[in-house]
Amino acid sequence: NFDCRNHIRVIQSIGDGSRIYICGTNAHNPKDYVIYSNLTHLPRHEYVPGVGLGTAKCPYDPLDNSTAIWSEKGNPGQLPALYSGTNAEFTKADTVIFRTDLYNLTSGRKEFAFKRTLKYDSNWLDKPDFVGSYDIGQYVFFFFRETAVEYINCGKSIFSRVARVCKKDTGGKSILSHNWATYLKARLNCSIPGEYPFYFNEIQSIYKVPDDDTLFYGVFTTSTTGLMGSAICTFRLEDIDHAFAGRFKEQASSTSAWLPVLSTKVPEPRPGQCVNDTETLPDSVLNFIRSHPLMDEAVAHKDNEPVFYMRDLFFTRLVVDVLDYVVFGNHLHYTVYYAATNEGRVYKVVQWYNDEGVPGSALLDIFDIMPGLPITAMEISRKVCFIIFAHIII
């Protein structure tokens with residue numbers, strides 16, 4: 001039976017790379033392990049505290065979209081932690097952005113308790129599908145799509161999001177004691193500009209080039225209930241930070257429109273900012289962030305237009321390569337996108353900028369990798385010119 005296998009959903013290198021953290025569905029009973037990177041088991045005396053139960057670290061259902069990232073530095077007590085976005089219940093009623101308990105690996109003592117998003121609160125998370133997570137500086141960022149609570153009065157719609165938590169977050173003293181005290185989220189805008197912009201609302205995949213924390217590359221689709229189309233959009237970290245530094249969004253009552261919060265109503269210190277000890281935050285800040293996790297302004301995509309878009313196409317995954325050349329003294333910079341589809345093809349798109357800084361892009365090739373089957377996982381190798389590893393769920 002497909003469901004009753006142990007589908008490994010998280011693989012993360014930890015420490016010096018000699019060990020890896022893995023978490024699997026374990027027949028709808030999530031379980032995690034730490035093993036050597038050569039795939040052999042650790043001896044008993046190297047037992048890693050906190051490992052054994054995989055709930056909230058990886059999903060129950062192998063088909064669920066989830067994400068996780070191992071963070072070595074910047075956490076409370078400078079202790080290592082796993083950050084995850086997944087389903088924490090078999091029924092899928094409890095979706096969560098989660099950080100594990102933090103243990104002193106020498107003594108085995110638990111130093112800090114887990115942190116999570118508020119349970120069953122649609123303002124924090126509403127049926128999300130997670131596509132990626134990144135540890136950058138003092139934050140961990142999560143990318144996902146979810147039901148748009150701010151649009152619900154106009155009918156159900158899915159929006160793409162980026163959420164952020166401070167790694168130093170230890171929750172509030174009494175309010176939000178087991179929850180994030182710094183959780184914020186903002187909409188990602190991938191659209192064709194115009195008087196009436198055409199939106200690609202549903203993020204399907206996110207990619208960041210290793211060692212470059214300034215840019216994120218994503219593939220987005222329209223709703224599958226109407227005109228079908230896909231786009232590639234790029235987002236800058238500075239634009240994400242700008243959205244999180246902007247105005248908050250609120251709904252005064254259940255029948256009211258969602259509007260920006262007046263700056264005079266925002267308490268100090270500003271909610272969502274990293275502080276040395278979140279347990280010292282006043283109740284006014286904790287109560288505000290509990291009811292105002294959503295930012296008013298969407299994150300604008302780079303150049304205010306997609307890199308590439310096409311109708312009657314469903315992109316599922318994306319990997320990116322950045323190429324730099326010097327030819328006759330001229331510095332040439334190209335970004336190459338490999339976007340996979342639900343029909344087993346890979347579209348190769350290149351982007352460049354002219355001397356005036358105006359972007360251009362072109363479709364270079366289409367590879368028929370797995371005809372008729374969706375490509376659900378893809379990696380790029382820079383040692384060889386280009387390699388795809390595709391995992392197909394039938």
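A residue is called buried if its relative accessible area is under 20%, exposed if over 50%, and partly exposed in between, with a 1.4 Å probe and protein chains only. The model is predicted, so local features need pLDDT of at least 70 and side-chain atom pairs count only at pLDDT 80 or more, while totals for chains, interfaces and linings use all residues. Residues are numbered from 1 along each chain as its sequence is written, and side-chain values use heavy atoms, with hydrogens and water left out.

**Exercise 1.** Decide whether F220 and F235 are buried or exposed, and classify their ring pair.

*Solution.* At 0% relative accessibility, F220 counts as buried, and F235, also at 0%, counts as buried. Rings of Phe, Tyr and Trp (its six-membered ring) pair if their centres lie within 6.5 Å, and planes under 30 degrees apart count as stacked, over 60 as edge-to-face and the rest as tilted. The centres of F220 and F235 are 5.8 Å apart and their planes stand at 55°, so the pair is tilted.

**Exercise 2.** Classify the ring pair of Y83 and W180, and find which parts the pair ties together.

*Solution.* With ring centres 6.1 Å apart and planes at 15°, the pair of Y83 and W180 is stacked. Y83 lies in strand β5 (residues 81-87) and W180 in the loop between β12 and β13, so the pair ties together parts that are 97 residues apart in sequence. Both Y83 and W180 are buried.

Technical notes. Helix = DSSP H or I, 4+ residues; strand = E, 2+ residues; numbered from the N terminus.
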